[in-house]
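Keep the sequence and the model side by side as you read.

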Amino acid sequence: HKEDSYQCQLDDNTSIPLIMSNSQRQTIKQMIEDGKVISNEYKYVDPEAVITPEGVRVPPGKAIGFEKGEGSQGSGRRRLAKKTGDTHYLVVRVIDVNNLVHPDSTAVMSDNMFGTSGDQVNLKTQISDCSAGQLN
């Protein structure tokens, strides 16, 4: 089982990990699942947090605090889609006029994208994980 991880996007648009305890990580996960925190709409706020080369160190045993951030317009930050549910993708393997083609077979491409032959880390699982299970 992989461990959930969370990133902070700094004002210069670089992302660094939040370094925290397992219980703090579970708290954030629950807040996201409950819709109390929405990616890119809320900011992690803690004057005692320390930014290190490894990431943002959340003070141990401290409650995780978020506040509603300013809107994305004009801030240079990305706006995330508010879509949930099923998404549909078409993967196309093209052979060009010079008979050049991607070296992977259609079966390998399908496995890489959808996990059809057991690939555990694929486009489908990553979209689901990155959306906290909101996109299938």
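Is K62 buried, partly exposed or exposed? K62 is partly exposed, because its relative accessible area is 29%. Here buried means under 20% relative accessible area, exposed means over 50%, and partly exposed lies in between (1.4 Å probe, protein chains only).

This is a predicted model: local features need pLDDT of at least 70, side-chain atom pairs count only at pLDDT 80 or more, and totals for chains, interfaces and linings use all residues. Residues are numbered from 1 along each chain as its sequence is written, and side-chain values use heavy atoms, with hydrogens and water left out.

**Fold**

The chain has three helices and six strands. Both kinds of element are DSSP runs, numbered from the N terminus: helices are H or I with at least four residues, strands are E with at least two. Read from the N terminus, the order is β-β-α-β-β-β-β-α-α.

Two strands count as paired if DSSP finds at least two bridges between them.

Strand 2 (residues 15-19) and strand 5 (residues 55-57) run parallel and are joined by two bridges. L18 stands opposite V56 in strand 5.

Of the 136 residues in the chain, 19% are buried. Among contacts with a separation of 6 or more, 46% come from residues 24 or more positions apart. A contact means heavy atoms within 4.5 Å.

**Charged pairs**

A salt bridge is a side-chain nitrogen of Lys or Arg within 4 Å of a carboxyl oxygen of Asp or Glu. By this rule there are three salt bridges.

| Pair | N to O distance |
|---|---|
| D46 and K62 | 3.0 Å |
| E48 and K62 | 3.6 Å |
| R57 and E54 | 3.9 Å |

D46 and K62 link distant parts of the chain, 16 residues apart. D46 sits in the loop between strand 3 (42-44) and strand 4, while K62 sits in the loop between strand 5 and strand 6 (66-68). D46 is buried, with a relative accessible area of 12%.

E48 also bonds to K62 through a salt bridge. E48 lies in the loop between strand 3 and strand 4 and K62 in the loop between strand 5 and strand 6, so this pair ties together parts 14 residues apart in sequence.

In the R57 and E54 pair, both residues are partly exposed: R57 has a relative accessible area of 39%, and E54 has 48%. Salt bridges that share partners join D46, E48 and K62 into one network.

**Surface**

The chain exposes about 10,000 Å², and carbon and sulfur atoms supply 53% of that area. Accessible areas come from the Shrake-Rupley method with a 1.4 Å probe; for residues, only the protein chains shown count as cover.

Y89, V91, F114 and L123 make a nonpolar surface patch of about 310 Å². Patches are made of residues with over 30% relative accessible area and no salt bridge; like charges are joined within 9 Å, nonpolar side chains (Val, Leu, Ile, Met, Phe, Trp, Tyr) within 5 Å. L123 belongs to helix 3 (residues 123-130). L123 counts as partly exposed because its relative accessibility is 31%.
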